[in-house]
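Dear colleague,

I am handing over the structure below, and after it I set out what was found when its atoms were examined. Please read the notes with the structure open beside them.

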Amino acid sequence: MQFSKSTGYALHALIHLAHGERGQNVGIKELAKSLSVSESYLSKIMSKLRQDGIVRAVTGVSGGYELARDASQITFLEVIQVVEGRQHLYDCFSIDEQHHPMFFEAEKAEFEDVDSSEPAFAFGKDCLVKKVMDGAERQMYDYLRKHTIQWVVDSASCHNK
């Protein structure tokens, strides 16, 4: 699995904006030059971030971009989902459950049978591969959700002292 270059540019652009003085915007030309990327490519990325409310475009002679909210409120996960999309990383393809039962796990859903004192069970099947992949995805998302743009700015400041 690999994130696109657009995600990297988006994260670096946001860190650049967060590192500047509060309320000071950065022009697309300056931002593109600092990231060594074309203005048109970066403009497309910034447009996505603007549409999702992560950055704000400032018009006028000294216009540019600024963070729409505090850097401590912008998570890596949010930025990745804006740029990459919000789909699951893995979808279980269709496998014939009757011929390949080892890939499936019976899920028990307990419910009370009105006519009996014994519980009855309803069985559904879950793809075990998807179960593992979904667990890994949840852990990655939790990690990315814990790290913000401000975390990078703060960490960089600690290392540069």
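Two strands are taken as paired if DSSP finds at least two bridges between them. In this predicted model, strand S1 (residues 55–58) and strand S2 (residues 64–67) are joined by four bridges and run antiparallel, and within that pairing Ala-57 of the chain stands opposite Tyr-65 in S2. The two strands form a hairpin, with five residues between them, and in the turn Gly-60 has a positive phi of about 110 degrees.

Before the other details, a word on the chain and on confidence. The protein chain has six helices and four strands, and read along the sequence these follow the pattern α-α-α-β-β-α-β-β-α-α. The mean pLDDT of the chain is 82, with 75% of its residues reaching 70 or more. Over residues 108–124, however, the pLDDT is below 50, although this stretch has 22 contacts in the model beyond near neighbours in sequence. Of the 161 residues, 33% count as buried, and the accessible surface comes to about 10900 Å², of which carbon and sulfur atoms account for 53%. Among contacts between residues at least 6 apart in sequence, 60% join residues that are at least 24 apart.

Asn-25 is placed in the loop between helix H1 (5–19) and helix H2 (28–35), and it counts as buried because its relative accessible area is 18%, which falls under the 20% cut-off. Setting aside residues up to four places away in sequence, Asn-25 touches Val-58, Ser-62, Gly-63, Gly-64, Tyr-65 and Glu-66. A polar atom of the Asn-25 side chain lies 3.5 Å from the backbone oxygen of Ser-62.

As for the helices, H1 has 15 residues, which at 1.5 Å a residue should span 21 Å, and its end C-alpha atoms are 21 Å apart, so the two values agree. Its buried residues are Ser-6, Thr-7, Ala-10, Leu-11, Ala-13, Leu-14, Ile-15, Leu-17 and Ala-18. In H5, the buried residues are Asp-134, Gly-135, Glu-137, Met-140, Tyr-141 and Leu-144, and what covers them includes H4.

Ser-36, in the loop between H2 and helix H3 (39–51), has a phi near 55 degrees, a positive value in a residue other than glycine; with a relative accessibility of 65%, Ser-36 counts as exposed. Leaving aside neighbours within four places in sequence, Cys-92 is in contact with Cys-127 and Lys-130. Cys-92 and Cys-127 are 35 residues apart in sequence, while their C-alpha atoms are 7.0 Å apart in space.

With kind regards

Conventions
Residues are numbered from 1 along each chain as its sequence is written. This is a predicted model: local features need pLDDT of at least 70, side-chain atom pairs count only at pLDDT 80 or more; totals for chains, interfaces and linings use all residues. Side-chain values use heavy atoms; hydrogens and water are left out. pLDDT is the predictor's confidence in each residue, from 0 to 100. Contact means heavy atoms within 4.5 Å. Buried means under 20% relative accessible area, exposed over 50%, partly exposed in between (1.4 Å probe, protein chains only). Accessible areas come from the Shrake-Rupley method with a 1.4 Å probe; for residues, only the protein chains shown count as cover. A polar contact is a pair of N or O atoms within 3.5 Å; within protein, one must be able to donate a hydrogen and the other to accept it, and residues adjacent in sequence count only if both atoms are side-chain atoms. The expected span of a helix is 1.5 Å times one less than its number of residues.
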